[in-house]
Amino acid sequence: MKVSLNWLKDYLNINVSTDELCEILTQIGLEVEGLEKYEAIKGGLDKVFIGEVLTCVPHPNSDHLNITTVNVGFDEPLPIVCGASNVAAGQKVVVATVGTVLYDGDESFTIKKSKLRGEPSMGMICAEDELGLGESHEGIMVLPEDAVVGTPAADYFDIFRDDVIQIGLTPNRIDGGSHIGVARDLVAYFKQFEDIDYKTPSVDDFKIDNNDINIDLDIQTPEACSRYSGVAVSELKVEESPEWLKNRLKAIGLNPINNLVDISNYVLFETGQPLHFFDADKIKGNKIVVKTLEKGTKFTSLDEVERELHENDLMICDSEEPMCIAGVFGGIDSGISENTKNVFIESASFDPVYVRKTARRFGLNTDASFRFERGTDANATIYALKRAALLLKELAGGKISSDIKDYYPVKAEHFEVEVKYSHVNRLLGKELGKDKIKNILSSLEMIIEKEDGDLLLLKVPPYRVDVRREADVIEDILRIYGFNNIEVPSQVHSVLSYAKNPDVYKLRNTVSDLLASNGFNEIMNNSLTKMSYYENMESYNLDNCVAIVNPLSSDLNCLRRNLLFGGLESISYNINRKNTNLRFFEFGKDYFKIEKEGQEKPVDKYNEEEHLALFISGNKENENWNLKEEPTNFFNLKAYTELVLSKLGFSIDSLKVKEIESDIFSEGLAYYRGKVKLVEFGLVNPKQLKKTDVENAVFYADFSWFSIIKEISKNKTTFKPISKFPAVRRDLALLVDKSTSFQEIKKIAKNCEKKFLKAVSIFDVYESDSLGENKKSYAISFILQDEEKTLTDKQIDKIMQKFIKSFEKQLNASIR
């Protein structure tokens, strides 16, 4: 939000520099994101002065130029060649000196020292259009004789200038979403040092001129509209706004339209209360109805777009048809036009959820919806209403032509919060003293209802929608007192702490470093996702999904069941930007609910588990002159998966391997320790890829981090010295059925020789019709070692014969 310093000074007498003010605003929670200068005339007429033409003679080398000398208050008069026909000696004129930058729309030019047809020229005598002061270019501006020579033109013409502060409003601080709101917060800070207060424009002059217009209210959805106030103003004249109002709006980035629209915007940014002006003559039946309409109802908004309404879109209607999307956007048929004579001013308080959902559905983000979505003060509607009505009288010649209509069944009361002095001092880390705490609370307009020893009972004003708990109040005290005023203690009080075994954070960082060193990039995706991803999936029952009650959109309507679809969205995003060789990993939680007997609290049915996901897609390596492009495959992912498990202390040979039957994978494996599944990985099913518009093959590994940590805690670290005796390698070429897997061979070998067999690996696979139908050849290596003595050839041959017989018997294998 942009805050005009000149505008702010209407409510608060600020005696600090703009830079100091920016520091204070940031300290009190209204973070300053930028500071800019606004000038009603671009360039601010810098280096432009009031001058007097001392001499004026024709140019000897031109029939239309004149040579002048002009006194602008410098040590010496300036020689200026001027082409205006109305220039003459004795005139008071406006002079742009050397270095002045003048603007014509977005284009600019700089006045330079030059020679015109042989004569020096040190400036330019200006016409009003050249300065941006008007449209005329019939000649130079000639000022009254009493104009003082040497006066800066910006001062002479009283050019409006302003410092504009850009504040980054956090969602919880909508109370600072107006100039009065900012002034109110600044007063809380300055009251620590001086007796100061802010003032708001008086509305005491509000009175009803006649009762010519009667608009009735019918609020049919009170749950969505806690207050609705309105008043009619008649005999209005739509015209251009005065300069002061246009400058205020331009300074904060708004384009002035006409006096009626500008007043509505002005009051919004002054008070923070959105208003809507209806053309009273277009309200059919003289009735305002606040309600929802049937799904599919057509409505054309102010931007001439026909929209199809949802059944939960709150609408402002007359007796026959909708006129406005409540709190979001007006309709094309009921708004202000050049012919408007009478208006009905709406000042209301709408439910934030209704407004937010409607704004998201239609993709609309207006100044009004921005405030309603975060919560407005229902007690402020009447003040804003009166303020707007009085401005309409002043600037548009209107007459207040009805009583104030006010639907307000349940008044917004102050919130009661209990605060203890001891808790304030403990959380702040400093003893502030009771008087200091009470003064800050009072400056924040919190009423001290009761004080009982260490306890304070406070009443917090309704406009502070973010203050509901003791911790919120203490945070408010701290931001006003100043974070920088809390001294760093000279002593550090600490206790020895011991990390749990296993150290989860250390393991996580270890795995992250391992993956990063192997070319993976870490991603972090939103925990909110589309429930539609899990539709028609056997792996996930929609009843177990954790749905969001008030989703921002259908794309964020449930908590994720796995990390797959977030990763696929990241892959899709990268592929669409021509980044196709991808390796991603993500640590994150998935969420699900299971209802069963014995759950005492509603929260007991909700569960979350942490997972680690790996994604690889594209080629193994980026394009290179000495490397062939080779697409990544299942075995690349398998290698990375086993690398992670090995780093975490798992022996791959000791794990059980099972094939996966899942609609997530086209093919894949799962590793188990006992009955505990540690990871499943494989090629992602094209049906799942299609949901995120990914066409490339993607390989995905899903580690159950929770199970892994649990299993690691069972590991025992032992020391074993390196054997002094050599290991021996022997190879076999086995002819087996095509259905035989390496894991079967490995398992048979392990069972056959448990003492001396250290490792089994495969180094070649050969398939050919010459081997026989449905046959293939495995080249297997065996590492044998006796840790107490050197193995003899006789022992080795005996072991290898055992292997051969076992393979022949159990696999019907033959030795090639």
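**Close-up views of a predicted model**

**View 1. Six bridges join strand β25 to strand β27.** Strand β27 covers residues 455-460, and β25 and β27 run antiparallel. One of the pairs can be found by residue number: F415 has V460 of β27 as its bridge partner. The model shown here and in the other views is predicted.

**View 2. Strands β25, β27 and β26 form an open sheet, in that order.** The sheet has three strands, and their pairing is antiparallel. Which strands lie at the edges? The edge strands are β25, residues 415-420, and β26, residues 447-452. Each of these two strands pairs on one side only. From one strand to the next, the twist averages 20°.

**View 3. Helix α12 packs on the sheet.** This helix is made of residues 434-443. Helix α12 touches β26 and β27, and its direction makes about 155° with that of β26.

**View 4. Helix α13 lies across β25 and β27.** Residues 470-481 make up this helix. Helix α13 runs at about 70° to β25.

**View 5. Strands β7 and β8 form a hairpin.** Strand β7 consists of residues 101-104 and strand β8 of residues 107-110. The two run antiparallel and are joined by four bridges. Which residue of β8 is the bridge partner of D104? The partner of D104 is E107.

Key
Residues are numbered from 1 along each chain as its sequence is written. This is a predicted model: local features need pLDDT of at least 70, side-chain atom pairs count only at pLDDT 80 or more; totals for chains, interfaces and linings use all residues. Side-chain values use heavy atoms; hydrogens and water are left out. Two strands pair if DSSP finds at least two bridges between them. Axes are lines fitted to C-alpha atoms, for helices over the stretch in contact, and angles run from 0 to 180 degrees between N-to-C directions. Contact means heavy atoms within 4.5 Å.
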